[in-house]
Amino acid sequence: MTKIKPPILIVDDNEVDRYILKRLIKEAKLDLTIFEKKDGQEALEFLENYESNRIKYPDGFPPILIFLDINMPKVNGIQFLEKFSKLRKMIEISSCVVMMFSSSEREEEKKIIMSHDFVKGYLVKGSFQAAELKEKVMAVIGQHLDKYS
Amino acid sequence: MNISRKLMLIVILTAAEVSITVYSAFEIAKGAKFHQLNFLHLKYTHQLTKSVKKIENDLPIDINTIESDILLIRQQPIDCIEEINPLNYAVMKFINTEQTLTICEKDIEIADKTLLSVTQYEKGELSRADFLLNLNVALVSFNKHSEMFEEPIRKTVSFILMTLIPLVIVISFFNIIFISYLSRTISSSIRNLTLLLSSKPESNINLDDELDIKTSGELKALVIAARQRIKNDLLNIENSIELKEIINSQTASLQQANDELAQFAYRASHDLKSPLSGAKSLAHFVIEDIKAGDTEEASRNALVIYQQMEKLETLVVDILLLAKAEIGSEDRYVIDFNQLIIDMKERLTWLMKDNPCKLETTINLSVPIKSEKARFAQIIENLISNGLKYYDRNKDSPYVRCNIFNEQETFFITVTDNGMGIPQKHQGEVFDMFKRFHAQTSTGSGLGMALVKKHIEYLNGEISLQSSDKGTTFKIVIPLDKLI
C-alpha cells in the first residue's frame, strides 16, 4: 500500500509568503500534497470544480486544510470564508477546515473570521517556527492523517 | 398726531366740559340764593312794618326789636354784595343788571340811616313823630328795593341759563364727535397694522416700505422695535443653525480624515510588515541552507530578500512623498518638461527594457510653466509607468501616449494607452490608497495614484479617467494662474 499524502491548499497572493509556508511545512516533516492559489477567486473556482478535480486528482481532492490569507485582490480572505461556508452546504467538502495565515491581527476582522466554526486556527505570518506549525496542523488534521496513512 | 396726544386732547375736552357744567350749576344756584335773600329781606321788612304799626297805634316803642329788625334787614344786601364776584359783576355789566349792586348799597345806606335815627331817638334828639316818619320812609325804601331787586336777578339768572347750557350742550356734542373720531382713528390704525402684518408674505414684497407709509407715532415705534427684535432673534437662530452646520460638516470631515488616517495606518503597517516578516523568515532559511551546504537555495532566497527590501524601500519612499504632497514648497522654477521626460525615461529603464509598449510624448506649451518640478515628475511618472506596466499582451502595437499642453487659461496633461483597462466596478477606487487591480503584474506600493491625486488637489486641478478594455485615458486639468 503506497502512502497517500493528505492534500492541503494555500491561498495567498504573496509568492514569498507561500514559499515560506511551504518550506516550514517541509521543515516540519509534514508530508502533504500542496495546492496553491493566488486569491480567493481562484481558490473558490478550484473547489467549485469538484467533480472534474476529483477525477484530475483522485487522491488529492478535496483538500482537508486551507491556509488562508486575508489581504488579497479580487476575493479577499473574509469574502472567501462567506462563500466557502455556502459552498460547504452544497458539495462534500465539510471535512475541509481553514487555518488563517495572515499578517493582520485586527480584532474586528478576527471576530468575523472566528465566527465560522470551520476556521480552526489563526497563524500570524513571521511569528511561528516549523515545530509550532506542526503542532497546530496535527491538532486540526490529526485524524485525517491516520486515515491517509 | 400720535395716540398719546389724541388721548390727552380727549382728557382736556372732557375736563373743560365738566368744569363748565359745574360752573353753570353753581351760578344757577347762586341765582336761587339771591331770590332767597330777597325773600328774607321782604320778611324782615314785614316784621319791621308790624312794629311801626304798633307805634302808629300809640303803643310803647320796642327799640330793641326795631333795632334787631333793621339789623336783620341790613344783612341781606351785605350777603348779596359778598356773593357777587368779579366775574358775576362782569356778566351783570354786560347785560346791564349791575344796578343790583347799587340797590344793595342804597339799602345798606338806608338801613344805616335808620339805625342812626334809632340811636338819636333813644338819646332824645329825635321826636317820636320824626322817628316814626323816618321809619316809614325806610320801610317804603326797603319794599321798593325788594321789588327793584327781583327783576335784574331774574334777568341775570336767565342769561346764565340761556348762555351756559347751550354752551355745555355744544361742547358735549363736539366732545362726543371728537372722541368718537379719535377712537376710530386709533383703532383703525391698529387694525390697518394688524391687517398689514397678517397679510400673506407673497402679497407684500416691500412690507418695510408699506409699514413706513402706513404707520406713525407710537405704532411706528412699536413696529420698528418689534421688527428689530424679530430680526435679531432670526439672526440668532440663523447664526446658531449656521454654527451647527459648520460643526456638523467639520465633525464629518474630521471623522472622514480620521477614518482615512486609520485606514492608511492599517494598510501602511500591513504593507510594511509583510516584506519585513517575509525577509526575516527567508534570512532564517538562508542561514539554515548555508549550514546545510545548499548555497544554491541560499543565494536564491538572498535575492528574494533583496527584492523584498527594494519593495519596502519603494513603499517607504512613496509614503514620504505622499506626506510631502500635502506641504507646499518654495521650490518653484520654470519646468523644462523635455528634460523631465528624459530623466523619467532613465528612471524607468527597468520597466521599458524588454517592454513592447511604445512611449510617445508631445509637449506643446505657449507659456513657461512655473511650479514645483517634483510634483509634475511624480504625476507624469506614475501615470506613464502604470500605462507601461498594464499593457495588453493581446494587442499588436501597445502604446502609451503623453501629451503636455496648454489652452488659454488651462494646463493639460493627458496620458492615453491601449492597455488592459480598469474594470468598470473598480474605476471609483483608482485614487484610493493601496489599491491594485492587477494582482499578477502588480509591483508598486499601491500609493501611486493616491499621490497623483494629492498633487493635483494641491494644484487646484482635476483628474478624470476613461477606461474600457480598449485602453485608458487620464486627463489632468490645472488652472494656469497657479502655474505662472
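Guide: A salt bridge here is a side-chain nitrogen of Lys or Arg within 4 Å of a carboxyl oxygen of Asp or Glu. This is a predicted model, where local features need pLDDT of at least 70, side-chain atom pairs count only at pLDDT 80 or more, and totals for chains, interfaces and linings use all residues. Residues are numbered from 1 along each chain as its sequence is written, chains are lettered from A and ligands numbered from 1 in the order in which they are written, and side-chain values use heavy atoms, leaving out hydrogens and water.

Visitor: Why is the pair Glu457(B) and Lys453(B) called a salt bridge?
Guide: The closest N and O atoms are 3.5 Å apart. The rule asks for a Lys or Arg nitrogen within 4 Å of an Asp or Glu oxygen, so the pair counts.

Visitor: Where do Glu457(B) and Lys453(B) lie?
Guide: Both are in helix α12 of chain B, four residues apart, about one turn of the helix. Helices are DSSP runs of H or I with at least four residues, strands are runs of E with at least two, and both are numbered from the N terminus.

Visitor: What makes Glu457(B) buried, exposed or partly exposed?
Guide: Its relative accessible area is 46%. Buried means under 20%, exposed means over 50%, and partly exposed lies in between (1.4 Å probe, protein chains only). Glu457(B) is therefore partly exposed. Lys453(B), at 31%, is partly exposed too.

Visitor: Which parts does the salt bridge of Asp17(A) and Lys125(A) tie together?
Guide: The pair meets at 2.7 Å, N to O. Asp17(A) lies in helix α1 and Lys125(A) in the loop between β5 and α6 of chain A, so parts 108 residues apart in sequence are tied together.

Visitor: Why is Asp17(A) called buried?
Guide: Its relative accessible area is 3%, which falls under the cut-off for buried. Lys125(A), at 6%, is buried as well.

Visitor: How far apart in the chain are Arg347(B) and Glu381(B)?
Guide: They are 34 residues apart, with Arg347(B) in helix α9 and Glu381(B) in helix α11 of chain B. Their closest N and O atoms are 2.6 Å apart, so this is a salt bridge by the rule. Over all chains the count comes to 22 salt bridges.

Visitor: How many salt bridges run between chain B and chain A?
Guide: The count is two. Arg23(A) forms a salt bridge with Glu297(B), at 3.8 Å. Arg23(A) and Glu297(B) also belong to a network of salt bridges with Glu27(A), Asp289(B), Glu296(B) and Arg300(B).

Visitor: How many residues are in contact across the two chains?
Guide: 20 residues of chain B are in contact with 21 residues of chain A. Contact means heavy atoms within 4.5 Å.

Visitor: How much area do chain B and chain A bury between them?
Guide: About 1700 Å², 47% of it on carbon and sulfur atoms. Buried area is the accessible area (1.4 Å probe) that two parts lose on being put together, summed over both. In chain B, Tyr266(B), His270(B) and Phe285(B) lose the most area to chain A.

Visitor: What makes a set of residues a nonpolar core?
Guide: The members are buried Ala, Val, Leu, Ile, Met, Phe, Trp, Tyr and Cys residues joined through side-chain atoms within 4.5 Å. The largest such core has 37 residues. Phe337(B), Phe376(B) and Phe411(B) are among those with the most contacts inside it. α11(B) gives the most to this core, with seven residues. Apart from it lies another core, of 30 residues, including Leu24(A) and Val304(B).

Visitor: Where is phi positive in chain B?
Guide: At Gln408(B), for one, phi is near 50 degrees. Gln408(B) is in the loop between β4 and β5 of chain B. Its relative accessible area is 73%, so it is exposed.

Visitor: Is the peptide bond from Phe61(A) to Pro62(A) cis or trans?
Guide: That bond is cis, with omega near -5 degrees. Pro62(A) lies in the loop between α3 and β3 of chain A.
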